[in-house]
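I opened the model today and kept notes as I went. Each entry records one thing I looked up.

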Amino acid sequence: MNASMAAKRIKLFIALLFCISPLWAQKISDLAQIVGIRDNSLVGYGLVIGLNGTGDKNGSKFTMQSMANMLESMNVKLSANDIKSKNVAAVMVTAKMPPFARAGDKIDIQVSSIGDAKSINGGTLVLTPLSAVDGNIYALAQGAITLGETSNSLSGTLIGGATIEREISYNIATQDSATLSLKKSSLQNALKMQQKLNETFNEYVANA
């Protein structure tokens, strides 16, 4: 691959994202997405601590076992049967990792109770790894839970509650071509995109 070809591909990629047509005055990225570049769903199991008696009841064995496992990792050996606390709740943490997210970026998370807690409001989410379907950990979630004035005290969103630890690389610049997928099927928009891209480069580079 020569330098001119690589530069051309990079310029095409930028055009795909930011090129604006005067016919509809919208960016192509508002109407289409590049196939293979998308959000990635993350999920993790965690504990919310510091609840004022509104956590899972003692009958929630998986919560108490999780507490025992966490304490054991801190060299505190304790049986799950010995833990009697309503200040802890088991939760599932979910998030969307956007394309091109870099290590250190913050993303929002959704925290939801999976036990019989009365409320997780006011608690603190203990450090929770978030994994994708490939089993790799891509983010770490942690933070205070403040749900505010809400009727649902068992689920809420933490703004910037997780930090990206692992990046997903997209080798766009090394590909011979990129395929755009319209967010809403429209032959007219597809033809307009083709026209605009070909006009931009003054040659036939796009085919609908």
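**Entry 1: Ser113.** I started with Ser113, which sits in strand β6, residues 106-113. This is a predicted model, so I keep that in mind throughout. Is Ser113 buried or exposed? Ser113 counts as buried because its relative accessibility is 17%, and the cut-off for buried is under 20%. A polar atom of the Ser113 side chain lies 3.4 Å from the backbone nitrogen of Gly115. Leaving out residues up to four places away in sequence, Ser113 touches Asp56, Ala90, Val91, Ile120 and Leu154.

**Entry 2: the cores.** Next I looked up the largest nonpolar core, which has 25 residues. Which of them touch the most other members? They are Leu42, Ile109, Val111, Leu125 and Leu130. Strands β4 (40-49), β5 (89-97), β6, β7 (124-131), β8 (137-144) and β9 (155-164) each give two or more residues to this core. β5 supplies the largest share, five residues. Another core, of 10 residues, lies apart from it; Met64, Met67, Val88 and Ala90 are among its members.

Beyond four places in sequence, Ile109 touches residues including Val93, Thr94, Ala95, Leu125, Leu130 and Ala141. Gly156, Thr157, Leu158, Gly161 and Ala162 are also touched by Ile109.

**Entry 3: Ala89.** I moved to Ala89, in strand β5. Ala89 is buried, because its relative accessible area is 0%. How far apart are the C-alpha atoms of Ala89 and Ile120? They are separated by 7.0 Å, though the two residues are 31 apart along the chain. Ile120 is also one of the residues Ala89 touches beyond four places in sequence. Others among them are Gly46, Leu47, Val48, Asp56 and Ala117.

**Entry 4: strand pairing.** I checked how some strands sit together. β4 and β7 pair in the antiparallel sense over three bridges. Ile49 stands opposite Thr124 in β7. β7 and β8 are also antiparallel, over six bridges. There, Thr124 stands opposite Ala144 in β8. The hairpin of β7 and β8 has five residues between the strands. In that hairpin Gly135 takes a positive phi near 90 degrees.

**Entry 5: helix α4.** I turned to Gln194, in helix α4, residues 187-201. Gln194 counts as buried because its relative accessibility is 18%. Its contacts beyond four places in sequence are Tyr204, Ala206, Asn207 and Ala208. α4 has 15 residues and reaches 22 Å from first C-alpha to last. That is close to the 21 Å expected at 1.5 Å a residue. I listed the buried residues of α4: Asn189, Lys192, Met193, Gln194, Lys196, Leu197, Asn198 and Phe201. An α-helix has 3.6 residues a turn, so residues three or four places apart point the same way. Just after α4, Asn202 takes a positive phi of about 55 degrees.

**Entry 6: confidence.** Last, I looked up pLDDT. The chain has a mean of 83, and 85% of its residues reach 70 or more. Where is confidence lowest, and where highest? Strand β1, residues 20-21, is lowest, at a mean of 48, and β8 is highest, at 96. Over residues 20-24 pLDDT stays under 50. For that stretch the model has 13 contacts beyond four places in sequence.

Key:
Residues numbered from 1 in each chain as written. Predicted model: local features only at pLDDT ≥ 70, side-chain atom pairs only at ≥ 80, totals over all residues. Heavy atoms only, no water. Helix = DSSP H or I, 4+ residues; strand = E, 2+ residues; numbered from the N terminus. Buried < 20%, exposed > 50% of the residue type's maximum accessible area, 1.4 Å probe, protein only. Contact = heavy atoms within 4.5 Å. Expected span 1.5 Å × (residues − 1). Polar contact = N/O pair within 3.5 Å; in protein donor to acceptor, adjacent residues only side chain to side chain. Core = buried A, V, L, I, M, F, W, Y, C linked by side-chain atoms within 4.5 Å. pLDDT = per-residue confidence, 0-100. Pairing = 2+ DSSP bridges.
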